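Dear colleague,

Please find the structure below, handed over for your files.

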Amino acid sequence: MRLASLSVPSLPIRAAAALMLLAVHSITGNFVMAKQAVNLEQRVEQAFRAARDNEFDRIGQLPSLGPRVAPLLAPYLRDEQADIRREAVAVLAALGGESAKPLLVEALGDQDAEIRERAARALYVAYQPSALARDKAVGPALRASVLAGNPSAAGLLLLGYFPDAENERALREVVDQFGGELTKLSDSGPSVMAALPARIALSQLGDREAREALLGVIDGASLAEAEFLLAALRDIDSPTVLHALKKTLDDEREIAGGLPSGAGPRRRLRDAAVDAFARRLKLKVAFKLHDSRRYSDEQIAQVRRLIDASLPR
């Protein structure tokens, strides 16, 4: 039989067949997606059930499942047990991204102080402050958390990105009433009085008195205060304050971070200052930066010159 003699389905029949095929694929695809969603929900449920029995291996695997996990954590963020809520915040912190952000903002209002602090740290680490500032829910939640007794360094520093008279009042209240309470920016970071991050935030919001107070702290900074200021360098926008902090480039005091325990020689504050300034100002240094190295006098002098060239006086 010649090919030309074979009958060919008409166009309407072919179109109908194509639509039927698409419908089958769509149904199959929806079924697969629904099954995956059920499986994901089951894995989350099993992980938290194990956590109630003090088995946390499955919880630690949840971030690897991706951002679809985040909405499934909402019930556990409102659980009666603080340990369960804390684990939910830890998973959200590891996930990051837009799906986790509203739940981390919600956790700023948790009744447990540690959970409020961990939520603030997660927002500080996982998100660009400029992106957070565009979210209308974040500023009021941070302020409410601070006023509820959450002098978290991360939360205080983030408030500096939300120009608002109420935020300024909240920060001044921290300085006046809770300024002596100790706070950290990270578990391994130095402890400082809450007044320090509050004044950094106020300075960013244009408060001259806070800026003058920061200059006074820098002039006689303890090692913990100097380390904290370098860790929070991204949140300092005043050229005057940044110039004042150049003195850390001369500071020979040894710091704890950067090297394994027992290894030496230990890093100095001036080495941490090189890393902090180079990254904060995006300096094009002629050597490789590394959080565990000690820098030579020539390298430190190069950073000083680049700072002076980058910052207005």
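**Overall organisation**

Of the contacts in the protein with a separation of 6 or more, 60% are accounted for by residues 24 or more positions apart; contact here means heavy atoms within 4.5 Å. This is a predicted model, in which local features need pLDDT of at least 70 and side-chain atom pairs count only at pLDDT 80 or more, while totals for chains, interfaces and linings use all residues. Residues are numbered from 1 along each chain as its sequence is written, and side-chain values use heavy atoms, with hydrogens and water left out.

The secondary structure comes to 16 helices and two strands. These are DSSP runs numbered from the N terminus, helices being H or I of at least four residues and strands E of at least two. Buried residues make up 43% of the 313 residues in the protein. Buried means under 20% relative accessible area, exposed over 50% and partly exposed in between, with a 1.4 Å probe and protein chains only.

**Helix packing**

Two packed helices are described by the angle between their axes and the distance between the axes. Axes are lines fitted to C-alpha atoms, for helices over the stretch in contact, and angles run from 0 to 180 degrees between N-to-C directions.

Helix α4 (residues 82-95) packs on helix α5 (residues 97-107) at an angle of about 145 degrees, with the axes 9 Å apart. The crossing of α4 and α5 is left-handed, a term used if the near helix is turned anticlockwise from the far one by less than a right angle (right-handed if clockwise). From α4, V89, L92, A93 and L95 meet G97, A100, L103, L104 and A107 of α5. The residues of this contact divide into eight nonpolar, one polar and no charged. Ala, Val, Leu, Ile, Met, Phe, Trp, Tyr, Cys and Pro count as nonpolar, Asp, Glu, Lys and Arg as charged, and the others, Gly among them, as polar.

The axes of helix α11 (residues 195-204) and helix α12 (residues 208-219) come within 8 Å and cross at roughly 135 degrees. That makes α11 oblique to α12; angles under 35 degrees count as roughly parallel, over 145 as roughly antiparallel, 65 to 115 as roughly perpendicular and the rest as oblique. The crossing of α11 and α12 is left-handed. L196, R199, I200, L202 and S203 of α11 make the contact with A210, R211, A213, L214 and V217 of α12. Seven of the residues in this contact are nonpolar, one is polar and two are charged.

In helix α13 (residues 223-231), the buried residues are A226, F228, L229 and L230. They pack against α9 (153-159), β2 (192-193), α11, α12 and α15 (269-280).

**Individual residues**

D275 lies in helix α15 and is buried, with a relative accessible area of 4%. Its side chain is joined to that of R267 by a polar contact of 2.6 Å. A polar contact is a pair of N or O atoms within 3.5 Å; within protein, one must be able to donate a hydrogen and the other to accept it, and residues adjacent in sequence count only if both atoms are side-chain atoms.

Q302, in helix α16 (residues 297-310), is buried at a relative accessible area of 17%. The side chain of Q302 reaches the backbone nitrogen of A286 at 2.7 Å.

R266 is found in the loop between α14 (239-244) and α15, and is partly exposed at 37% relative accessible area. The side chain of R266 reaches the backbone oxygen of I255 at 3.3 Å.

Yours sincerely
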